[in-house]
Amino acid sequence: MPIKTIWAVTHGCGHDADHDLSSRPADQRAGYARWLAGRDCTACWRAQRDADGADRAAWLEQKRAAEQQAATEWAAKFRMPPLDGPEKAIAWGERSRHQLMAAAYRDLVVEGDLDENAWLDIEEQARTIDRASWWIDQRDAAPADLPELLAAATGEDRTTENPY
Ligand SMILES: [Zn+2]
């Protein structure tokens with residue numbers, strides 16, 4: 001008797017579905033059917049995937065918006081210049097700048113022994129770098145390395161003349 005090609009599978013989600021396994025070698029159909037039974041049916045799998053995607057996207061969008069707002073307020077408060085670059089890079093650069101500067105202040109001044117005046121110099125240097133891409137490039141840098149990173153920045157990282 002030939003091995004059946006249509007297999008009735010009860011999926012992990014509880015739904016029954018018939019699967020045409022004729023494209024699979026006869027000796028692999030039972031194993032494949034068992035594998036299918038351990039998974040949700042296609043409809044449930046798709047629904048779950050879409051829900052996950054939507055949740056994640058909404059969560060990420062919300063998180064970004066909050067970070068963006070914080071970065072904008074921070075930039076205004078500390079007179080940080082607008083960044084230069086493509087629109088997407090500007091927003092990302094602003095968030096990266098805010099996060100790196102805030103973390104560096106924490107590591108160097110709050111938890112470190114840098115005094116406020118030395119920090120103001122760092123801030124002043126940071127103001128001269130207005131290429132969004134520079135800040136994005138430093139997003140994974142160790143915050144305490146900020147003074148060194150700023151010192152390594154070149155004219156390429158500034159749209160205006162270096163005031164120093
Ligand atoms: Zn299902």
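What share of the contacts in the chain with a separation of 6 or more comes from residues 24 or more positions apart? Such residues account for 67% of those contacts. The legends below describe a predicted model.

Figure 1. Read along the sequence, the pattern is β-β-α-α-α-α-α-α. The chain is more spread out than a compact globule, because its radius of gyration is 27 Å, well over the 15 Å that the globule rule gives for 164 residues. Taken along the principal axes, the box filled by the C-alpha atoms is roughly 90 × 30 × 25 Å. Of the 164 residues in the chain, 16% are buried.

**Figure 2. Domain 1 and domain 2 of the chain.** The domain assignment gives residues 6–40 to domain 1 and residues 66–157 to domain 2. Between the C-alpha centres of domain 1 and domain 2 the distance is 55 Å.

**Figure 3. The contact of helix 2 with helix 3.** Two packed helices are described by the angle between their axes and the distance between the axes. Helix 2 covers residues 42–77 and helix 3 covers residues 87–110. Their axes come within 9 Å and cross at roughly 70 degrees. Helix 2 is therefore roughly perpendicular to helix 3. On the side of helix 2, the contact is made by Glu67, Gln68, Ala70, Ala71, Thr72, Trp74 and Ala75. Helix 3 contributes Ala91, Glu94, Arg95 and His98. By type, the residues of this contact divide into 5 nonpolar, 3 polar and 3 charged.

**Figure 4. Arginine 79 in the loop between helix 2 and helix 3.** Phi of arginine 79 is near 50 degrees, a positive value in a residue other than glycine. Most residues other than glycine have a negative phi. Is arginine 79 buried or exposed? Arginine 79 counts as exposed, because it has 9 C-beta neighbours inside 10 Å, and a residue with 12 or fewer is placed in that class.

**Figure 5. Arginine 34 in helix 1.** Helix 1 covers residues 29–37, and arginine 34 is found in it. Arginine 34 has 11 C-beta neighbours inside 10 Å, so it counts as exposed. Serine 22 is shown with arginine 34 for a comparison of sequence and space. The two are 12 residues apart in sequence, and their C-alpha atoms are 15 Å apart in space.

Conventions
Residues are numbered from 1 along each chain as its sequence is written. This is a predicted model: local features need pLDDT of at least 70, side-chain atom pairs count only at pLDDT 80 or more; totals for chains, interfaces and linings use all residues. Domain bounds come from an automatic or database domain assignment. Axes are lines fitted to C-alpha atoms, for helices over the stretch in contact, and angles run from 0 to 180 degrees between N-to-C directions. Helices (H or I, at least four residues) and strands (E, at least two) are DSSP runs, numbered from the N terminus. Angles under 35 degrees count as roughly parallel, over 145 as roughly antiparallel, 65 to 115 as roughly perpendicular and the rest as oblique. Two residues are in contact if their C-beta atoms, placed from the backbone, lie within 7 Å. Ala, Val, Leu, Ile, Met, Phe, Trp, Tyr, Cys and Pro count as nonpolar, Asp, Glu, Lys and Arg as charged, and the others, Gly among them, as polar. A residue is buried if 20 or more other C-beta atoms lie within 10 Å of its own, exposed if 12 or fewer, and partly exposed in between; C-beta atoms are placed from the backbone. The radius of gyration is taken over C-alpha atoms; the globule rule is 2.2 Å times the number of residues to the power 0.38.
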